[in-house]
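Good morning, and thank you for the time. I would ask everyone to bring up the sequence and the structure before I turn to the aromatic rings and the helices.

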Amino acid sequence: MSRSARYRHALWILTVRDLRVRYSTSALGYVWSILDPLVMSGIYWFVFTQVFRRDVGEEPYIVFLLAALLPWMWFTGSVSDSTRAFLREAKLVRSTTIPRTIWVNRIVLSKGIEFLAALPVLAAFAIFSGAQVNLDIVLFPLAIVIQAVLTIGLCLIVAPLVVFFRDLERAVKLILRFMFYATPIIYSTTALPDKIEPFAAFNPLSGIFALYRSAFFPQELNWHLVGVSAAMSAVILAVGLLVFKRCERSVLKEI
């Protein structure tokens, strides 16, 4: 078996183990992976459509929300869990000879599988709310690939740095909280003021979420945002690999 094949095999085993541990201790199992975005979507739907009646997105608004909230949960869950990627299983990390990027990639993969498992919920809401699916749905895989590249890159930066700067774990949570409101999740980039809208491109999630939403709302597709997101994601991945490589030996000594 080649080195790459062994890596993929080990990655899959670790990912399956993570999912089994996560759900074996929970009575509701799969439900928990979709409950959080469903509750959040319900809250924002009620606030913006029933209380304030503000036009911040497209109709049906619940589908508009879920199309961004589900991938957001993949992103924030991966980055948040990566802060403990090395500290939680230090003995295994030190003892294995497999490239140690696997301890980051298995987090992103397991969260990605949860995201894919939640997509039937989005489909169900789209059907019951009468959302129209268009040909842009073929761009869904492109959105997944770009998001995976971005997420892996960020996690490769965060995971080793937390070992040296433990306060970074709390800082990451604060940054993610800020990013939620700085990312077009509960609103559309087209709803931003003219002076702010150009800055949306500096958030790589803007173009990614535009791709997801374009399956139901073709007017949300903005190729400029998508291009910037793809370029930034590639750069972040390259930086992540460099940071990880530079820090790997020091991390093994520290843990």
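The structure, which is a predicted model, holds 12 aromatic pairs. Let me begin with one of them, the pair of Phe140 and Tyr212. Their ring centres lie 5.0 Å apart, the planes stand at 65 degrees to one another, and the arrangement is edge-to-face. Phe140 belongs to helix H6, residues 140–164, and Tyr212 to helix H8, residues 204–213, so this pair ties together parts that are 72 residues apart in sequence.

Are these two residues buried or exposed? Phe140 counts as buried because its relative accessibility is 13%, and buried means under 20%. Tyr212 is buried as well, with a relative accessible area of 0%.

A second pair has another geometry. The rings of Phe199 and Phe202 have centres 6.3 Å apart and planes at 35 degrees, so this pair is tilted. Phe199 is exposed, at 55% relative accessible area, and Phe202 is exposed too, at 60%.

Which residues do ring pairs link into a cluster? They are Trp74, Phe115, Phe140, Phe209 and Tyr212.

Arg213 counts as buried, at 1% relative accessibility. Where does its charged end sit? The charged end of Arg213 is placed over the ring of Phe64, 3.6 Å from the ring centre. Arg213 may also be located relative to Asp136: the two residues are 77 positions apart along the chain, and their C-alpha atoms are separated by 8.9 Å.

Finally, I come to the packing of helices. Two packed helices are described by the angle between their axes and by the distance between those axes. For H6 and helix H9, residues 223–254, the axes come within 7 Å and cross at roughly 30 degrees. The crossing of H6 and H9 is left-handed. As for the residues in this contact, 24 are nonpolar, five are polar and one is charged.

Thank you for your attention.

Methods. Residues numbered from 1 in each chain as written. Predicted model: local features only at pLDDT ≥ 70, side-chain atom pairs only at ≥ 80, totals over all residues. Heavy atoms only, no water. Phe/Tyr/Trp six-rings, centres within 6.5 Å; stacked < 30°, edge-to-face > 60°. Helix = DSSP H or I, 4+ residues; strand = E, 2+ residues; numbered from the N terminus. Buried < 20%, exposed > 50% of the residue type's maximum accessible area, 1.4 Å probe, protein only. Lys NZ or Arg CZ within 6 Å of the ring centre and 35° of its normal. Axes fitted to C-alpha atoms, helices over the stretch in contact; angles between N-to-C directions. Left-handed = near helix turned anticlockwise from the far one by under 90°. Nonpolar A, V, L, I, M, F, W, Y, C, P; charged D, E, K, R; others polar.
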